[in-house]
Every structure is written in C-alpha cells, then in structure tokens.
Amino acid sequence: MATVKLRDIRKSYGKTEVIKGVDIDIDDGEFVVFVGPSGCGKSTLLRMIAGLEDISDGTLEIDGQRVNDLEPSKRGIAMVFQSYAIFPHMTVRENVAFGLTINKMKKAEKDAKVDDAARILQMEHLMDRRPSELSGGQRQRVAIGRAIVRDPKVFLFDEPLSNLDAALRMDMRMEIGKLHQDLGASMIYVTHDQVEAMTLADKIVVLKDGLVMQAGAPMELYHEPANLFVAGFLGAPSMNFLQVIVEDTGEDWVQVSSKALVSVKVPSKGRTFTKGHNATLGVRPQYLIAASDGQGMLNGKVILTERLGSETVVNLAAGDGSKLIAAIAEDAVLVPGTEMAWTFDPALAHAFPEEV
C-alpha cells in the first residue's frame, strides 16, 4: 500500500497540451476513480502514473518517492487493462504466475502466491483451464490475479469492465469492490461510467479537457457539484437544467425565474450572481414531484414515459421548450401530451452563474 501524489502534472504531444496541470492526492489504501468523457485525459493520466507515458512536467510521487524517471517495473504498481491480455496457449495458473516465472521466483513461493490470488478471486476451480474455456468475467479475473501476485503498492485499472455485458459488469464491479476491502490496497480506477465511479470510489476525480473539475467523496460531488459540468455528469438520469434570469440576491440565496419557472429563491452556495443576468438552475430528476393540486413551480407536457418497475422516468417539455426529466419513485402510467404541474424543494436545487 502507498500514497500517490501528483503535483502540477502536465503532458504534451508536440505543441498540444492534453494534461494541463493536475494536482491529486491519493491516500494509503484509498480507492480513487478518474471519471470523465472520452478525450478528457483520464487514461493518459493513468498511463503516466504507470510509467507507460512520459511526464512532460510536474512531479509524481509513489510512497514518498519521486518516480518520474523510474521504469514501470520499479514503481511498485500493477495494471489491469481494458483488454485481458492473457496468453491463449497457457493455463489460468500459468497466466497468473507469468510475471513471477520470468522473474525466476522459487516454485514454492510462486505457487503460494498464485494459490492465494486464486482463493481471493474464487477461481480455484479454473486454474487448469485455458482462456478459450473461460467467460469474459473469468478472463478479467485472471488479469486481476496476475496483478495481485505481484504484491504491488498501487493497483491501476484502465476501464477493466467496458468489454463485459451489463450483468457481468455488475458482478465484476462487486468483486473489485470486495477485492479492495480484502486487500486494503491503494487503487486507481479509470472509467467513463459514472455508476461505476459512484459505487466503487472512496474519492472521485472528475476530469474534463485535461483539467480536474472537482475531486471528493461520491456523495459530496453528487450533492455539492462545483460547476455545471460536474452537476450534469454525475447522476442518472442527468440533472435538469433551466435557463433563468436573476431577479434578486442575498447573502446566501439567489432568486430566479423564467418563462417556464415561477419566481423561486434557492441557495447561492457561495457563488456570485448579478441582478438581471442569466443563470442556470439545476434540479435532479428525483426531486421533481407532480403537484397534487395542479399548482406547481413549473409546467411540463409529458412526451414519453419509461416504466422501469421500481420507478417511472418521465420525459417532459417545459413551457420555454426546455427538455426535462422526472424520476418518480413508483410505477405510473402518464399519457403523452398531458400537461402537468411539477414542484421541487428549492433547498435541493443548484444555481450556477452565467458562464463566460
């Protein structure tokens, strides 16, 4: 186990800078997830930690040691890739032991490490099979087992579940979470799937265009997003956004309205607003409630209803043409074209100043 510190880390390809000064602290034994859209730099950042990409500028420390110029094999890391990268002609046991074999570890010690990894991953019954006899999830377990036997200071996962179907992703997500509990190791995990990030992480680092948008505990980012990007990226379905006008401001509140929204006072959360200027109001779909008396904060026409059993997702068109989503915690049948009034708790809304 080890701490990892990134200080003003930058990466350039020629004149194009793709990582633009990243500072991240990863504590000993912490599970940190890098999340963001394609092209945000999350995999590049992981590969720089692994030593597979050169660091253009800044300092990378693992367990208190500067490792910018160390070879990958000397950094105390083990990486699990999106592709399983296991040898088809070898058995599971031979695949898991491969790194130890080429390092000429004594057979007794090697066998003990491989058996321990097999026990942790519950794949003792698979050890004599070849990859062609394994499912996708089992192959990914083999790749993880190969990482475990190295006793790394830090585990790195580069979108390890993206090649699996939905059911297997859920199973493997649980296994990786349990693996972290069992090993207590420092883990850095890259994904574009915000559900994986929310369920696995002790800390989420949200990236966009090579910059950290926000870092913190999953529910901290969910309830207190730092900006519009984080607010819209985390949460399923995504947060609703309404374009509004600032009517008035106070010490800790801002009053806004629009063609679709009645005048409402919401927390400003330390952000600065100017009367008469544009702003954006964010409300999570789970917080939109159908007004029982028909008198709500906004009206929306039902466009489409998705009945999921445990909840109903309602696609709405607001009075100003905005597209909204309401997630009702019950099974309901709503007829398309129906005009409905909706309300929400203003304390749970988020206001963001106009971005310039």
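Trainee: Why is the crossing of α2 and α4 called right-handed?

Mentor: The crossing of α2 and α4 is right-handed, because the near helix is turned clockwise from the far one by less than a right angle, anticlockwise being left-handed. The model is predicted, with local features needing pLDDT of at least 70 and side-chain atom pairs pLDDT 80 or more, while totals for chains, interfaces and linings use all residues. Residues are numbered from 1 along each chain as its sequence is written, and side-chain values use heavy atoms, without hydrogens and water.

Trainee: What makes α2 and α4 a packed pair, and at what angle?

Mentor: Val92, Asn95 and Val96 in α2 meet Val142, Gly145 and Arg146 in α4, contact meaning heavy atoms within 4.5 Å. The angle is about 35° and the axes are 7 Å apart; axes are lines fitted to C-alpha atoms, for helices over the stretch in contact, and angles run from 0 to 180 degrees between N-to-C directions. α2 (92-102) and α4 (136-148) are DSSP runs of H or I with at least four residues, whereas strands are runs of E with at least two, both numbered from the N terminus.

Trainee: What makes β6 and β10 edge strands?

Mentor: The open sheet of six strands has the order β6-β7-β8-β3-β9-β10, with mixed pairing. Both β6 and β10 (211-216) pair on one side only, where pairing requires at least two DSSP bridges.

Trainee: Why is one space called a pocket and another a cavity?

Mentor: On a 1 Å grid over the protein atoms alone, a cavity is a set of points where a 1.4 Å probe fits but cannot get out, while a pocket is an open set with protein on both sides within 12 Å along at least five of seven lines; lining residues have an atom within 4 Å of a point. The largest pocket holds about 570 Å³, and the largest cavity about 40 Å³.

Trainee: Which residues line them?

Mentor: The pocket has 25 lining residues, with Ile77, Ala78, Gly99, Arg146 and Arg150 nearest its centre. The cavity is lined by Asn240, Leu242, Val283, Leu288, Leu298, Leu324 and Phe344.

Methods. Grid points are joined across faces, edges and corners, and a volume is the space filled by probe spheres set on the points.
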